[in-house]
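Here is a short briefing to read beside the coordinates. Keep the viewer open and follow the residue numbers as they come up.

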Amino acid sequence: MKQLFLALSLFVLSVLLAPTNLAAQSFGYVDSRQILEKMNTYQQAQQQINQIAEGWEKEVTAQKQNIEKLYKQFQAEQVLLTDKDRAKREQEIFDKEKALKDFQREKFGPEGELYKKRVELVKPIQDQVAKAIETVAKNKKIDFVLDKGQGVAIVYANPSFDYTADVLKELNTK
């Protein structure tokens, strides 16, 4: 997908620096979201990622319930506890809350296990799509390929320049 960003950057640069050459360039677009949705390998990767996330979310829920139970029990018994026991129970609850936050960060954080698993499973598929897009672009002699599925604003696109189906064919031939 970095290649697509590079292609878009080159397009903008060519428009700004060489407006007289614009007519000589050929453009096309694809919808990577549609391509990925039609790929079984992508669907399987997404399912696997969702299953992993659901398992960890269940663990988070169980830990939250345990902390809540400890807190309610502490509140009920607080008046009967010595200062030392009260501090010990408060520390126990605090430690469990900290462990929960650490678990969430470790699993769901920006560099967490879920992110790493997503990269591990999805990046090879995205690379395969990018290579197919490149092959179609070379075969059709397209200079720039835009991706309307990744948030690039295309106000209007003539369907004759949509090469999504060609990329899907290219992926199916491999």
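Predicted model: local features only at pLDDT ≥ 70, side-chain atom pairs only at ≥ 80, totals over all residues.

Strands β1 and β2 pair in the parallel sense, and the buried residues of α6 pack against β1, α2 and α5.

- In soluble globular proteins, nonpolar side chains tend to be buried together.
- M39 touches I125, Q128, V129 and L171, leaving aside residues up to four places away in sequence.

**Strands β1 and β2**
- β1 covers residues 27-30, and its parallel pairing with β2 runs over four bridges.
- Within that pairing, Y29 has L146 of β2 as its bridge partner.
- β2 spans residues 144-147 and is covered on both faces. F144 and L146 are buried on one side, and V145 and D147 are buried on the other.
- In a regular strand the side chains alternate between the two faces of the sheet.

**Helix pair α3 and α4**
- The axes of α3 and α4 come within 10 Å and cross at roughly 165°.
- Angles over 145 degrees count as roughly antiparallel, so α3 is roughly antiparallel to α4.
- The crossing of α3 and α4 is left-handed.

**Helix α6**
- Which residues of α6 are buried? They are T164, D166, V167, L168, E170 and L171.
- T164, in helix α6, has a relative accessible area of 2% and is buried.
- Beyond residues up to four places away in sequence, T164 touches Y29, V30, D31, Q34 and I35.
- T164 and S32 lie 132 residues apart in sequence, yet their C-alpha atoms are 7.5 Å apart in space.
- D166 also belongs to helix α6. Its relative accessible area is 19%, and buried means under 20%, so D166 counts as buried.
- D166 touches V136 and K140, again leaving out residues up to four places away in sequence.

**Y163, in the loop between β2 and α6**
- Y163 is found in the loop that joins β2 to α6.
- Is Y163 buried or exposed? Y163 is buried, with a relative accessible area of 13%.
- Contacts of Y163 include F27, G28, Y29 and V30, as well as V136, K140 and I142, not counting residues up to four places away in sequence.
- Y163 and D31 are separated by 132 residues in sequence and by 8.3 Å from C-alpha to C-alpha.
- V136 and K140 are touched by Y163 and also by D166.

**K141, in the loop between α5 and β2**
- K141 sits in the loop between α5 and β2.
- K141 is exposed, at a relative accessible area of 66%.
- Phi of K141 is near 55°, a positive value in a residue other than glycine.
- Most residues other than glycine have a negative phi.

Note on methods
Residues numbered from 1 in each chain as written. Heavy atoms only, no water. Contact = heavy atoms within 4.5 Å. Buried < 20%, exposed > 50% of the residue type's maximum accessible area, 1.4 Å probe, protein only. Helix = DSSP H or I, 4+ residues; strand = E, 2+ residues; numbered from the N terminus. Pairing = 2+ DSSP bridges. Axes fitted to C-alpha atoms, helices over the stretch in contact; angles between N-to-C directions. Parallel < 35°, antiparallel > 145°, perpendicular 65-115°, else oblique. Left-handed = near helix turned anticlockwise from the far one by under 90°.
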